[in-house]
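User: I have a model open and want to go through its contacts and surface. Can you take me through it?

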Amino acid sequence: MNQIRFGTPFYLFIIGLLTFILLLPSLIVIPFKSHLEQSVTQGKLEKVESDTPIVLNSEVDVSVYKTNAKKIETLPLEEYVKGVVAAEMPADFEIEALKAQALTARTYIIKMLLNPADMNLPEGADVTDAVIHQVYRNDQDLKKVWGKDYDWKIKKITQAVKETEGKIITYDGKPIDALFFSTSNGFTQNSEDYWSSSFPYLRSVESPWDKDSPKYFHQQAFPVDVVETKLNVKLSEEDGEVGKVLSRTKGNYIDQIEINGKKMSGKDIRVGLNLKSSDFTILRKNDEVIFQTRGYGHGVGMSQYGANGMAQEGNNYNEIVKHYYNGVEITDTQAYTSKLTATN
């Protein structure tokens with residue numbers, strides 16, 4: 001057979017083809033890389049846009065009496081709500097729990113503005129910044145408390161307030177008493193089990209998430225003579241369990257207890273000794289009386305750690321609020337704030 005001979009042009013063609021094949025991946029990747037860099041750049045621009053300050057809109061103002069400074073601070077309602085949420089709930093809680101807290105704070109102040117209570121407030125003040133109402137801190141206070149964490153904490157809380165802006169919790173068309181507390185014993189309480197008034201939306205519900213709260217269990221020890229003086233009771237000199245529980249509330253807090261012949265309520269003992277909860281056991285050991293409590297707070301309304309637990313499980317603020325407040329609705333404030341602006 002005759003051999004096929006290849007000339008120089010053919011070899012040049014082959015070399016060119018191989019070069020093209022080798023360069024092809026680069027030709028494909030370079031445009032893709034350029035597009036990727038463009039996407040990253042756009043992402044950075046979007047992030048910058050998301051860092052734009054959140055503007056809160058309010059139709060009315062709130063005048064807060066600063067108890068330590070002894071002066072009144074007047075500010076827009078939503079800014080007040082932000083300061084309450086920042087003071088009342090940890091900023092590292094889930095955003096949906098913070099939103100639920102924003103609703104309680106806004107509901108409380110709207111109700112108070114509509115129905116001012118005679119609480120010996122200084123002239124011109126709507127509310128104080130103390131626990132008797134709602135704890136409130138302004139930006140200056142928060143910067144001192146939070147330090148380097150101020151920026152991310154205030155941004156997160158402001159977002160929670162903004163995303164619930166202009167909304168309150170109502171029952172039968174009226175703002176509710178939006179009570180809340182830190183941690184339950186696993187159940188909340190009916191309002192009449194701790195206070196004299198019964199409200200249909202403040203019913204005992206399960207709150208199992210609270211058992212994961214760092215405030216769920218607490219132990220306090222008191223000298224025997226302090227307990228006897230503050231509770232006006234004589235204790236047995238023997239070591240061991242003190243008192244006989246006569247009854248419990250629906251939420252399993254102590255309703256009535258008898259100590260050496262004297263009957264008392266669980267609330268009376270909690271208040272008298274400043275205990276964390278009215279679900280407790282009492283043990284005498286030598287010259288001390290040890291109280292072991294479950295839960296933190298009065299137990300009525302929304303549990304904050306319970307709300308956070310619900311949020312961690314994927315529940316939104318609407319579901320959280322309607323779990324802790326029976327039969328309520330989330331309503332726009334416009335109809336209520338218009339009454340306030342009409343009277344000014």
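Analyst: One term before we start: buried means under 20% relative accessible area, exposed means over 50%, and partly exposed is in between, with a 1.4 Å probe and protein chains only. This is a predicted model, so local features need pLDDT of at least 70 and side-chain atom pairs count only at pLDDT 80 or more, while totals for chains, interfaces and linings use all residues. Residues are numbered from 1 along each chain as its sequence is written, and side-chain values use heavy atoms, with hydrogens and water left out.

User: How many salt bridges are in the whole structure?

Analyst: The search finds 14. A salt bridge here is a side-chain nitrogen of Lys or Arg within 4 Å of a carboxyl oxygen of Asp or Glu.

User: What does Lys66 pair with in a salt bridge?

Analyst: Lys66 pairs with Asp141, at 2.5 Å from N to O. Lys66 lies in strand β1 (residues 61–66) and Asp141 in helix α4 (residues 139–146), so the pair ties together parts that are 75 residues apart in sequence. Helices (H or I, at least four residues) and strands (E, at least two) are DSSP runs, numbered from the N terminus.

User: Is Lys66 buried or exposed? And how exposed is Asp141?

Analyst: Lys66 is buried, at 8% relative accessible area. Asp141 is partly exposed, at 23%.

User: Which residues are in the network with Lys66?

Analyst: Asp129 and Asp141 are linked with Lys66 in a network of salt bridges.

User: Which salt bridge does Lys162 make?

Analyst: The side chain of Lys162 meets that of Glu165, at 3.3 Å from N to O. Lys162 is partly exposed at 29% relative accessibility, and Glu165 is partly exposed at 22%.

User: And what about Arg294?

Analyst: Arg294 forms a salt bridge with Asp279, and their closest N and O atoms are 3.1 Å apart. Arg294 lies in strand β13 and Asp279 in the loop between α7 (266–273) and β12 (280–285), so this pair ties together parts that are 15 residues apart in sequence. Asp279 is buried, with a relative accessible area of 3%.

User: Switching to the surface. Which residues gather in the patch of negative charge?

Analyst: Asp225, Glu237, Glu238, Asp239, Asp287 and Glu288. Patches are made of residues with over 30% relative accessible area and no salt bridge; like charges are joined within 9 Å, and nonpolar side chains (Val, Leu, Ile, Met, Phe, Trp, Tyr) within 5 Å. Asp and Glu count as negative and Lys and Arg as positive, while His and the chain ends are not counted. The place of a charge is NZ of Lys, CZ of Arg, CG of Asp or CD of Glu. The areas come from the Shrake-Rupley method with a 1.4 Å probe, and for residues only the protein chains shown count as cover.

User: Where is Glu288?

Analyst: Glu288 is in strand β13 (residues 288–294). Glu288 is partly exposed, at 40% relative accessible area.

User: Next, helix α3. What should its span be, and what is it in the model?

Analyst: Helix α3 (residues 95–114) has 20 residues and should span 28 Å at 1.5 Å a residue; its end C-alpha atoms are 29 Å apart, which agrees. The expected span is 1.5 Å times one less than the number of residues.

User: How many of the α3 residues are buried?

Analyst: 16 of the 20 are buried, so α3 is largely enclosed by the rest of the structure.

User: Last topic, contacts across sequence. How far is Leu340 from Asp61?

Analyst: Leu340 and Asp61 are 279 residues apart in sequence and 9.8 Å apart in space, C-alpha to C-alpha. Leu340 lies in helix α10 (residues 334–343) and is buried, at 11% relative accessibility.
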